[in-house]
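Subject: Structure handover

Hi,

Here is the structure I promised to pass on. Have a look at it first, and then read on for what turned up.

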Protein chains: 2
Amino acid sequence: METGHWGWGDGLTDALGGVRARAESFFGKLSEERPRSPRVPAPRVEIPRTLRAFSTAEAHDRAMHTWGKSYVDRVRGFRGDFSAAPDFVVRPRTEAELETVLEVCERNRLAAIPFGGGTSVVGGVEPRLGKNHQGSATVDLRAMCRVLEVDDISCAACIEAGAVGPVLERQLAPQGFTLRHFPQSFEFSTLGGWIATRAGGHFATLYTHIDEMVESIRMLTPRGVWQTKRFPSSGAGPNPDRLVCGSEGTLGVITQAWVRIHRAPVYRASASIHFRDFAAAAGASREISQSGLFPANCRLLDAQEALLNQVSTDGASVLLLAFESADHPLDAWLERGVAVAEAAGGRREAATTGKAEAAESWRSSFLKGPYLQDAMIVLGVLADSFETACTWAAFPGLYAEVMEATRAALDRVCGCGLVTCRFTHVYPDGPAPYFTFLGKAKRGGEVEQWAEVKQAASDALVRAGGTITHHHAVGRTHRPWFDQERPEPFARALRAMKRELDPAGILNPGVLFD
Amino acid sequence: METGHWGWGDGLTDALGGVRARAESFFGKLSEERPRSPRVPAPRVEIPRTLRAFSTAEAHDRAMHTWGKSYVDRVRGFRGDFSAAPDFVVRPRTEAELETVLEVCERNRLAAIPFGGGTSVVGGVEPRLGKNHQGSATVDLRAMCRVLEVDDISCAACIEAGAVGPVLERQLAPQGFTLRHFPQSFEFSTLGGWIATRAGGHFATLYTHIDEMVESIRMLTPRGVWQTKRFPSSGAGPNPDRLVCGSEGTLGVITQAWVRIHRAPVYRASASIHFRDFAAAAGASREISQSGLFPANCRLLDAQEALLNQVSTDGASVLLLAFESADHPLDAWLERGVAVAEAAGGRREAATTGKAEAAESWRSSFLKGPYLQDAMIVLGVLADSFETACTWAAFPGLYAEVMEATRAALDRVCGCGLVTCRFTHVYPDGPAPYFTFLGKAKRGGEVEQWAEVKQAASDALVRAGGTITHHHAVGRTHRPWFDQERPEPFARALRAMKRELDPAGILNPGVLFD
């Protein structure tokens, strides 16, 4: 079955095989639907002359740049709906070409949509027109994908924004380095996209968001080049890089960044700890996050999530604890981490110390998650996830409220459903809970079903003290809750900056603000 | 000898006793000068009626709010020069009073200068009038100094902005917590001042700047309340707190913040490691900073600095390495840290493991530094420090260039002089070198002498790839180099925000931008 125009990638057949029996055990007999051929509207504008050498208006290219990869994006694509397609796609190969793109878009009143891997799950790359716009151009950065320089003394590298995860890691590996930033979209998403959306890497505590890895950024704005200098830290005014992180393509297009890289780990130590009680497991996660041990991974799965992932089948919540180092053996670290978990009521299940490859195989299985979502769409299962971060004090209340609100919405919308929770990240002051929900889809009504569940879940998150997103970004989907979350004077400040740097409003209209 | 109106605090007699012989061994016989009585100009404006209940126009109060505590500030005060005095000082006790202050200043065309401990060394609290201003009011926040709430589950506390270091630590201690943020000004500076200036705490790696400790901020702007929510982390748009950190009182007045706090350390382990060669010592610091061991302290003194501090007298550079934890013994951590340093050519001198108080006594001696500067002024010695951060790759060149340029300037200006270097902070990608210089002052000509050395040193820093400040902030003193450092579109964005939030330009005119 073809997934090229709508799915995550080439993995559907495998995913269907792996997931069908499990899905049917919840939802009964499921039938497969076939994707429809893409319907792409005719372009509203022609490609401006100066951009022709590196642009395309082919229907397939435009379809591939229409949506991100959220559940509803993929459902729309599956049904052949590419109504939001950009009028053309530009693929600048140099900064000079990109500069021309911004000039031409401003002059010709075209919205310019920066596009990295196109893996946004929040409507971050979906073209919209601002007022007075004649059409839209999606600016695909992936032709700019080189590691330009490695500073092996300072452990930093200058990398072009369009490099996707495996491409940049492949260039760093021969010199013994890794960026070690693993968002779930790692296979397809780009450095520039990570920075623009404040992506969070998995299998990490301490350095989780890309924000912490950025040493300096180069961004083209419609009003000049935003280039920061390379400093390990500075106290000179507000940090300009922190304004670019999370700007989601609204202030400029990121072209390069110096990022902090790590020597590839040599030592690894890990353990799985099982808990009868989720609250006790959350308590153990908290204590480890406040211990100063800084595990490479501290990931908690509740009983349902552990069952879905076949990590435990006896109703236990599972804490996955791992340490990594390029410098020293980790026995003391793991021993103490496990002791903390055991004192909180956990039972150690398995441990590996040394140069084990367990972490690698586990990571590669994690990266397969989005392929399963493709399979769910084919099988008619509503399947999505949402995530947040809150304080440890707020977590028990948030967990209860969000689970309840999401389950109630699924009952209403799908008849029944399943909600699971894990901690993807933990901080000394709170966890980043990640929720997955599954329900029986009404063929053709998925978008409305999803919207109702999403609304209920997001309202509950915000009511209970969570942020609307820990690492999925704001885009267009999270706007209503982001608008409640950010301070009003900050919104005014952002709009003032936007008017200053992008007076024609060409950059990613509708994202972050109007 | 009185220091009340010009010096760091009550410690001059002790400081003179401790430093005189050492200073004379460098500069020959030194004589003591006596401070002059303060000359404070008459106020240009009266205190507006609605502010009278919590304001003063007494000459002493106005003198105490005229300058910060830089070398030149103290020299000016020592000579009785208080020409920049604010017209009056307001001491709001509540947010409602502060709101009135901002309204009244805007209405009456008065510059409003936010003031915490007044320990700025960059001209950050010195009143200047913007265009159209009639006068100036300094807004002293120290009446707002309570710890309002401790969340002992999430390890965070809500603290009013005017709390000085010891005041907030005293309120946290009974509950077993510490903020553990120790700028050298700790004794006098405030939480709000730390946030506004991106202060750096000493005896820290990993969590160095206050930026990393902030969970949420409340700031009054002339256009409304900027209140962020408490999240351990978020990916929702650019981080609003990071725009407040380093805003130096130009966008609003910080009134409270939730900050991450730590359980008071129980375990400590430390060692001093001596190196014949400064380059080897720097290399060891680099390897430790890249090891993932995260020492509580990793501080390197070059031979001159070690001599001045009487830490070594045989020409060795000294690396002070310390670990702290509330959770676990640190033997494995210290052992590995020392092994890395020894492999880089160091020789371990002394080690203490356990609940030693060495770190405490050393910290208290460090906090005495600014008192020595008072003594130098009395003795007629030009004495100041400046600091930066750069990549490890840039450091050898920066060290050579800055030492050379500063020595040459001292030779020109003072006949001779002494320059020392230490690392106050180290990061995986680079150190924060801190330079101290001493020279014979020309009585009455100190300000000009200082300005020439400062210019030479700052030009060299920037030329060699350093930031103009790692933790002293920009203020008015560092403006020329800050203006070269920040990207031009960022400056435009900042000015646009300023116009939006403070259209009358009342807040701290001349700081960060015009």
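Predicted model: local features only at pLDDT ≥ 70, side-chain atom pairs only at ≥ 80, totals over all residues.

Let's start with a sheet in chain B. It is an open one with five strands, paired antiparallel in the order β5-β6-β10-β8-β9. At its edges stand β5 (147-151) and β9 (224-227) of chain B; each has a single partner strand, so one side of each has no neighbour in the sheet. On average, neighbouring strands are turned by 10° against each other, ignoring direction.

For a look inside the sheet, take β8 (residues 214-221) and β10 (residues 253-260) of chain B. These two strands pair in the antiparallel sense over six bridges. Along the pair you can find V214(B) opposite V259(B), which sits in β10(B).

What lies across β8 and β9 of chain B? It is a helix from the other chain: α16 (residues 488-501) of chain A, running at about 95° to β9(B). Chain B has a helix of its own on the sheet, α5 (residues 165-172), which touches β5 and β6 (156-160) of chain B and makes an angle of about 45° with the direction of β5(B).

That brings us to the interface. Chain B and chain A each put 83 residues into the contact. Between them they bury about 6,600 Å², with 61% of that on carbon and sulfur atoms. Three residues, P232(B), P238(B) and D429(B), supply 10% of the area chain B buries against chain A, more than any other three residues.

One salt bridge joins E500(A) and R499(B), whose closest N and O atoms are 3.2 Å apart.

Which elements of chain B give two or more residues to the side that touches chain A? Among them are β8, β9, α10 (331-343) and β18 (430-440) of chain B. The largest share, 10 residues, comes from α16(B). By type, the residues on that side of chain B divide into 38 nonpolar, 27 polar and 18 charged.

Happy browsing!

How values were computed:
Residues numbered from 1 in each chain as written. Chains lettered and ligands numbered in written order. Heavy atoms only, no water. Pairing = 2+ DSSP bridges. Helix = DSSP H or I, 4+ residues; strand = E, 2+ residues; numbered from the N terminus. Axes fitted to C-alpha atoms, helices over the stretch in contact; angles between N-to-C directions. Contact = heavy atoms within 4.5 Å. Buried area = accessible area lost by both parts, 1.4 Å probe. Salt bridge = Lys/Arg side-chain N within 4 Å of Asp/Glu carboxyl O. Nonpolar A, V, L, I, M, F, W, Y, C, P; charged D, E, K, R; others polar.
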